[in-house]
Amino acid sequence: MNCMKEVRTIDLATSAVVSTVQSTGFLAPLFFIFMHILRQFLFIPVVVICIIGGILFGTQFGTFYSIIGLTVASISFYTLSKQFPSFLERFSGLKKKWLGRYTRLSVGQIIVLRMIPFVNFSILSLCILDRSTSFKDYAKLSFWTHIPAAFCFTSFGAYFGKFSLVTTIVLIGTLILFVYLLREKRVIIKWHDFFARTMQKP
């Protein structure tokens, strides 16, 4: 039942956003890119916006505009995280809850996780931020990790809701397996965290 509700929610959101973007005329590509930025504040799944890009602009241009939009959205996340520490702390708490305190996702893991619908893109942007040494590094990693997801969602997103339960489980299970296989074989612990844990031992 929950799966059916999510599909209906996606269908309704898709119809609403398609109508909105179409009404902007020749500014539709710019408005579509802006929708990628706005999406993270309206809690609209990434797959919905990418599906709309495919409907309005075709697979090629839809993927291209989505890559730009997702990258700009990631940059806006970077800007907000630097300007508002409380904004960053919120997602840091979610990251620790779902991934663990010392988990450091590899680039391959981030790419695969971006291809799983309903995985929080902001948490993955935080994972990229943790790997980056500069804004340029962050922007470059964001751009490359968005390409497979943008293409996948734009090309095949409309069919996700039509997959059987078994097919959905197999696809997600396969992606999760790749996430495991692409993991880094080491754990990085910051010095102050290491000594804090050492001091707590009897």
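A word on conventions before we start. This is a predicted model, in which local features need pLDDT of at least 70 and side-chain atom pairs count only at pLDDT 80 or more, while totals for chains, interfaces and linings use all residues. Residues are numbered from 1 along each chain as its sequence is written, and side-chain values use heavy atoms, leaving out hydrogens and water.

Let's begin with the whole protein chain. Its secondary structure amounts to nine helices and zero strands, where helices (H or I, at least four residues) and strands (E, at least two) are DSSP runs numbered from the N terminus. Read from that end, the elements go α-α-α-α-α-α-α-α-α. Of the 202 residues in the protein chain, 39% are buried; buried means under 20% relative accessible area, exposed over 50%, and partly exposed in between, with a 1.4 Å probe and protein chains only. Taking contacts (heavy atoms within 4.5 Å) between residues at least 6 apart in sequence, 75% join residues at least 24 apart.

Now to the interior. In soluble globular proteins, nonpolar side chains tend to be buried together. A nonpolar core here is a set of buried Ala, Val, Leu, Ile, Met, Phe, Trp, Tyr and Cys residues joined through side-chain atoms within 4.5 Å. The largest one has 22 residues, and Phe32, Val46 and Phe153 touch the most other members. Helices H2 (28-42), H3 (46-83) and H7 (135-156) each supply at least two residues of this core, with H3 giving the largest share, eleven residues. Apart from this core lies another, of 18 residues, including Phe77, Val112, Leu113 and Ile123.

H3 also packs against helix H6 (residues 121-131): their axes come within 10 Å and cross at roughly 55°. Axes are lines fitted to C-alpha atoms, for helices over the stretch in contact, and angles run from 0 to 180 degrees between N-to-C directions. H3 is therefore oblique to H6, since angles under 35 degrees count as roughly parallel, over 145 as roughly antiparallel, 65 to 115 as roughly perpendicular and the rest as oblique. On the H3 side, Val46, Leu70, Ser74, Phe77, Tyr78 and Ser81 meet Phe121, Ser122, Ser125, Leu126 and Leu129 of H6. By class, this contact has seven nonpolar, four polar and no charged residues; Ala, Val, Leu, Ile, Met, Phe, Trp, Tyr, Cys and Pro count as nonpolar, Asp, Glu, Lys and Arg as charged, and the others, Gly among them, as polar.

The axes of H6 and H7 come within 9 Å and cross at roughly 140°, which makes H6 oblique to H7. Phe121, Ser125, Ile128, Leu129 and Arg131 from H6 meet a set of H7 residues that includes Asp137, Tyr138, Leu141 and His146. The contact of H6 with H7 has six nonpolar, four polar and two charged residues.

Ser76 sits in H3 and counts as buried because its relative accessibility is 17%. Leaving aside residues up to four places away in sequence, Ser76 touches Ile37 and Gln40. Gly93 belongs to helix H4 (residues 85-99) and, at 37% relative accessibility, counts as partly exposed. Between Gly93 and Ile123 there are 30 residues of sequence separation and 9.7 Å in space, C-alpha to C-alpha.
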